[in-house]
Amino acid sequence: MKKSGAWRLWLMAAAVFIFSGLSMAQTQNEESEETRWFSVDSLNEGLGETPEAVKRTTPREAVRSFLELTKKGEHAKAAHLLNLSEVPRAEQRKQGSQLARQLAEVLTRGEWLEVSSLSGRQDAAIEDPAGQHPQTGVPRRNLKLASLTAEGETYDIRLGRYRVDGEEPVWLISPDSISSVPLLYEEYGPSVFEEYIPERFNASLGVLKIWEWIAIPIFLLAVGLIGLATHYLVGLMARWLPSGSPTIFVEQIRIPMLLIVMSLVTQAVLDYAVSFSGAATTTFRVLLIAVLAWGGGAIALRLVDTIMLKMTRRLVEQDGAPQSREDRRLLTSLYALRRLIILIMVTVVSIYVLSKIQLFESMGLSLLASASVLTVLVGIAGQAVLGNILSSFQLSLAKPIRIGDLIEFEGQWCYVEGIFYTFIRLRVWNERRLIVPVTYFVSRSFENLSVKSTMEYRSLEMTLHLSADVQCLREKFLEYAQEEKDVIQHHKLSCYVTGQTEMAQTVVFYLMTSDPYSGWIAEMNVRERLMTFIRDNHPEWWPRSIMVVSQQDIALGEGTNSPPVTKSDRPDEGRQQ
């Protein structure tokens with residue numbers, strides 16, 4: 001009895017396991033079908049039988065078939081590629097043909113549709129041999145063809161996979177997309193101007209129509225003339241303004257204003273006057289955004305440049321000496337702002353252009369697969385440039401130098417005139433410009449003579465005869481130094497004998513100056529006045545050469561009329577008799 005009971009339990013468990021497995025398999029099969037297509041009861045019954053010319057097996061085949069049929073004017077056949085489930089059955093034939101025509105115009109004019117980028121598989125699964133995409137091999141039943149804007153709202157044109165029981169699944173334009181076609185047609189449909197174009201010029205010639213090949217050059221010529229007129233008017237405005245910073249600013253924005261006006265006029269014509277095909281419209285709109293962003297950024301840069309030029313003239317160009325630390329800090333911050341504007345402008349425009357040309361949608365998988373290789377190549381090729389840019393931002397943030405600072409770099413006095421992305425411009429004391437790469441500059445030690453205080457303790461040295469009166473020289477030095485306006489802290493003025501030889505002594509005079517450049521001038525002035533005092537009043541204080549002449553040399557000189565022999569012409573080597 002016990003054995004039979006155990007067998008019954010085993011049979012019941014096996015039955016439960018089998019039935020649960022079948023149930024799970026059926027559930028998974030139903031879920032798999034739901035993810036592969038949309039199940040519907042019927043499709044476009046009001047259109048009749050599907051013509052053989054209509055291909056709907058894959059997304060690429062469906063869109064290509066739709067565009068080819070509408071291009072031939074066979075809109076009734078093209079309606080079979082629309083899901084007209086929201087259109088009454090009696091109206092499907094009439095409205096389907098009209099909606100197909102309108103949708104073809106919208107797709108042709110609204111956005112550049114790259115049919116070859118669509119999937120050629122029936123299930124539209126993503127194919128990625130490298131296996132980098134997270135949804136590789138997963139069937140899809142809903143794809144986006146285009147995203148268009150009308151009246152401030154965004155509408156997607158989507159392609160869906162539908163299946164009627166007992167039939168093969170097909171790809172059709174989704175009902176939601178069909179409902180937005182009339183609104184999009186008002187936005188992207190033919191303009192009033194195109195109603196007067198003869199029918200023979202509406203034929204396609206390549207990616208554009210015949211009339212577009214004629215109209216686009218004329219359109220560009222007209223926009224170019226408007227730009228030249230803007231350039232001339234801005235030039236007149238620069239002449240009317242008073243000379244100075246406003247004139248410089250207006251003169252510098254002539255080309256940016258030219259491009260901005262040309263782009264705005266082009267945008268207005270595309271929006272209200274004429275509508276070109278998607279290839280031309282997409283190209284124009286991408287270029288317009290890039291030109292507008294560049295023009296706006298260029299005007300901002302010119303404004304910052306004008307402010308920096310005015311401050312640079314005041315800080316550096318007037319007398320060659322830097323002024324207050326606050327002004328130098330502000331000017332350095334403006335240079336950093338200039339680089340930030342350039343970086344933002346380039347980044348924003350690049351991202352927009354790449355998104356509009358759908359680079360990452362068509363090449364994203366390949367880029368992801370080779371991301372490491374590209375990173376290495378870009379890193380090697382742009383190492384110097386990227387290093388200079390990062391070092392430039394490091395200087396802007398840490399501010400070890402500022403615009404207008406006086407520095408000593410590799411043995412030369414220089415004023416910092418500009419800190420740019422890849423180089424630093426230094427003005428040497430002799431008015432030459434030294435261009436130094438940023439990475440080279442930060443890797444070398446330099447002395448910033450303006451970082452805390454511009455005061456400098458200077459010294460001048462004079463070599464005089466041992467008979468020179470040091471106290472007299474000290475009094476004259478104090479008198480001359482106190483008369484120099486750039487000599488400060490007079491209590492630190494001093495004079496000392498720092499060395500001597502048999503015939504000479506070294507006298508050093510010390511003075512505190514307001515800044516290195518003015519201190520150098522003050523030092524030269526004091527030196528000249530001391531030399532003048534000694535020359536006019538005590539010429540015997542200058543070092544003298546001692547010559548040792550013997551009686552034999554004198555006799556020999558008298559007999560041969562030759563000069564006496566000089567034993568020594570240096571005070572430290574001579575021997576006094």
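**Entry 1: two helices that cross.** Before I start on angles, a reminder to myself: axes are lines fitted to C-alpha atoms, for helices over the stretch in contact, and angles run from 0 to 180 degrees between N-to-C directions. I also keep in mind that this is a predicted model.

With that settled, I looked up helix H4 (residues 92-110) and helix H6 (residues 181-188), whose axes come within 9 Å and cross at roughly 50°. H4 and H6 are therefore oblique to each other. I noted the hand as well: H4 passes H6 in a left-handed crossing.

Which residues of H4 and H6 make the contact? From H4 I listed Leu99, Arg101, Gln102, Leu103, Glu105, Val106, Arg109 and Gly110. From H6 I listed Val181, Pro182, Leu184, Tyr185 and Tyr188. Sorted by class, the residues of this contact between H4 and H6 are eight nonpolar, two polar and three charged.

**Entry 2: another helix pair.** Next I turned to helix H7 (residues 210-240) and helix H8 (residues 245-252), which pack at an angle of about 170° with their axes 8 Å apart. That angle makes H7 roughly antiparallel to H8. On the H7 side I found Val234, Met237 and Ala238, and they meet Thr247, Val250 and Glu251 in H8. The contact of H7 with H8 has four nonpolar residues, one polar and one charged.

**Entry 3: the sheet.** In what order do the five strands of the open sheet lie? I read it as S10-S9-S8-S7-S11, with antiparallel pairing. Strand S10 (433-437) and strand S11 (447-448) are the edge strands, each pairing on one side only.

Phe423 has Pro437 in S10 as its bridge partner. S9 and S10 form a hairpin with four residues between them. In that turn I marked Glu431, which has a positive phi of about 70°.

Helix H17 (residues 516-537) lies across strand S7 (406-409) and S8, and H17 runs at about 150° to S8.

**Entry 4: aromatic rings.** How many aromatic pairs does a search of the whole structure find? I got seven. One of them is formed by Phe477 and Phe509, a tilted pair at 5.0 Å centre to centre with 40° between the planes. Phe477 lies in helix H16 (residues 470-482) and Phe509 in strand S15 (residues 504-513), so the pair ties together parts that are 32 residues apart in sequence.

Technical notes:
Residues are numbered from 1 along each chain as its sequence is written. This is a predicted model: local features need pLDDT of at least 70, side-chain atom pairs count only at pLDDT 80 or more; totals for chains, interfaces and linings use all residues. Side-chain values use heavy atoms; hydrogens and water are left out. Two strands pair if DSSP finds at least two bridges between them. Helices (H or I, at least four residues) and strands (E, at least two) are DSSP runs, numbered from the N terminus. Contact means heavy atoms within 4.5 Å. Angles under 35 degrees count as roughly parallel, over 145 as roughly antiparallel, 65 to 115 as roughly perpendicular and the rest as oblique. A crossing is left-handed if the near helix is turned anticlockwise from the far one by less than a right angle, and right-handed if clockwise. Ala, Val, Leu, Ile, Met, Phe, Trp, Tyr, Cys and Pro count as nonpolar, Asp, Glu, Lys and Arg as charged, and the others, Gly among them, as polar. Rings of Phe, Tyr and Trp (its six-membered ring) pair if their centres lie within 6.5 Å; planes under 30 degrees apart count as stacked, over 60 as edge-to-face and the rest as tilted.
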